[in-house]
Amino acid sequence: MTSRMHEEVEVRSTFLPFSLPDIGEEEIASVVETLRSGWLTTGPKVKRFEAEFASFVGAAEGVALSSATAALHLALEAVGVAEGDEVVVPTMTFTATGEVVHYFKAKPVLADCEDDTLNLSPAAFERAITPRTKAVIPVHMGGHPCDMDAILGIAKRHAVRVIEDAAHSFPAAYRGRTIGTLSDVTCFSFYATKTITTGEGGMLVSDDPAIVDRARIMSLHGISRDAWKRYTAEGSWFYEVLFAGYKYNMTDIAAALGLEQLKKAQRFLEIRSRYAKMYDEAFAGFPAIRRPSARDDVQHAWHLYAIRLDPEQLTIDRNRFMDELKSRQIGASVHFIPLHLHPHYRNTFGYVRDDFPVASRAYEQLVSLPLYTRMTEDDVRYVADSVLEICARYGR
Ligand SMILES: *Cc1c(COP(=O)(O)O)cnc(C)c1O
């Protein structure tokens, strides 16, 4: 290792946030134009965003919604999850993936992850299946696609429906197939920290017209098809409530943002990929740092860049490491605190740390570094140098 890396890095004067949305004048102009148009809620912009997003990922149809959580809820509803059913959920995820199962009085059955990608382990998924298992929700952690051929194969053998939580993985691909084309239904997020944003928002995509129609109807009060058109010239005042639905539709204001973000998605990905490579090169050969894996049969979305610290190589733990980053004006995070370690899941299902040893161990070592398009190359170098400086200072 060169001694340069061990030299003191001058602390920057401004805080580098963990994440920032990349909103340009195009988005601002488009939102202003929408505000002036007189059509604020679900309308022509939402319809265009659905069509353009679905076409981007290669899916037949998209349903734009208020969040990915709403998309996951409607996806489970559309495949018929009901009270008493079980749904396999990776423990290494955000609580949204598990909470939607509770909406049906169904049971989220947690499963451990693969050690390299931190994605749902196909073997753990298969072990979690019981006669009551109705669905599985693989999560493409950080933007690295799950081993979908294995997961889809197991699901098919056991007649389990597959709903992808693709909150991190736009745009991404697995063995040449785009995420959004692989399973029954896929759910994307446009939350402010995600790879493209509408402030709050999500998209359900599917090639199955039954799933799309059901999700669309349930997203707007269970009102008959094209309910949103009832205030247009071609619409009619008459509507019928077919089911007790939800209020999950996206606004045209959000879609105006989304349409502009979509145009930039490929460029955004190229920047994140370049920054991930800069981190990779900076950390190569430092045993204290385990870099995120990227298998060669995937296109990684690089939503997150999560390193793992080797406790054998350092005298400080992950939490102290996070403090050190903060004192150097760097925002960092942890993805995720596994679900089984949260009070709700421990108290409701009696889970303990060692039920999911791979996720539990990874959790204690994980640090997500800033990775977003509004960072400069100097920002990336500053973070990398600071990480290496901390490793040198607290190395064994
Ligand atoms: C952000 C996130 C969600 C929820 O997305 P929202 O659009 O905020 O509802 C779901 N799953 C994962 C893995 C996420 O990171």
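**Helices, a sheet and a loop residue**

Trainee: At roughly what angle do the axes of helix α1 (residues 25–37) and helix α8 (residues 252–283) cross?

Mentor: The model is predicted: local features need pLDDT of at least 70, side-chain atom pairs count only at pLDDT 80 or more, and totals for chains, interfaces and linings use all residues. Residues are numbered from 1 along each chain as its sequence is written, and side-chain values use heavy atoms, leaving out hydrogens and water. Helices (H or I, at least four residues) and strands (E, at least two) are DSSP runs numbered from the N terminus, while axes are lines fitted to C-alpha atoms, for helices over the stretch in contact, with angles from 0 to 180 degrees between N-to-C directions. The axes of α1 and α8 come within 8 Å, and they cross at roughly 155°.

Trainee: Are α1 and α8 roughly parallel or roughly antiparallel to each other?

Mentor: Angles under 35 degrees count as roughly parallel, over 145 as roughly antiparallel, 65 to 115 as roughly perpendicular, and the rest as oblique. With a crossing of roughly 155°, α1 and α8 are therefore roughly antiparallel.

Trainee: How many charged residues does the contact of α1 with α8 have?

Mentor: Contact means heavy atoms within 4.5 Å, and here α1 contributes E26, E27, S30, V31, T34 and L35, while α8 contributes D252, I253, A256, L257, E260, Q261 and K264. Ala, Val, Leu, Ile, Met, Phe, Trp, Tyr, Cys and Pro count as nonpolar, Asp, Glu, Lys and Arg as charged, and the others, Gly among them, as polar. By these classes, the contact has five nonpolar residues and three polar ones, and the charged residues number five.

Trainee: Which residues of α12 make the contact with α9?

Mentor: Helix α9 (residues 318–327) and helix α12 (residues 377–393) have axes 10 Å apart and pack at an angle of about 130°, which makes α9 oblique to α12. From α9 the contact takes F321, E324 and L325, and from α12 it takes V387, I390 and C391.

Trainee: Which are the edge strands of the seven-stranded open sheet?

Mentor: Two strands pair if DSSP finds at least two bridges between them, and the order of this sheet is β1-β9-β8-β5-β4-β2-β3, with mixed pairing. The edge strands each pair on one side only, and they are β1 (61–65) and β3 (107–111).

Trainee: Which strands does helix α7 (residues 209–219) touch as it packs on the sheet?

Mentor: Helix α2 (residues 44–57) also packs on this sheet, its direction making about 130° with that of β1, and it touches β1, β8 (185–189) and β9 (202–206). The direction of α7 makes about 20° with that of β1, and the strands touched by α7 are β1, β5 (161–165), β8 and β9.

Trainee: In β5, what is the bridge partner of V136?

Mentor: Four of the five residues of β5 are buried (under 20% relative accessible area, with exposed over 50% and partly exposed in between, using a 1.4 Å probe and protein chains only), so β5 is largely enclosed by the rest of the structure. Strands β4 and β5 pair in the parallel sense over two bridges, and the partner of V136 in β5 is V162.

Trainee: What distance separates the C-alpha atoms of T373 and I271?

Mentor: T373 lies in the loop between β13 (366–369) and α12, and at 13% relative accessibility it counts as buried. Not counting residues up to four places away in sequence, T373 touches D22, F268, I271, R272 and Y275. T373 and I271 are 102 residues apart along the chain, and their C-alpha atoms are separated by 6.0 Å.
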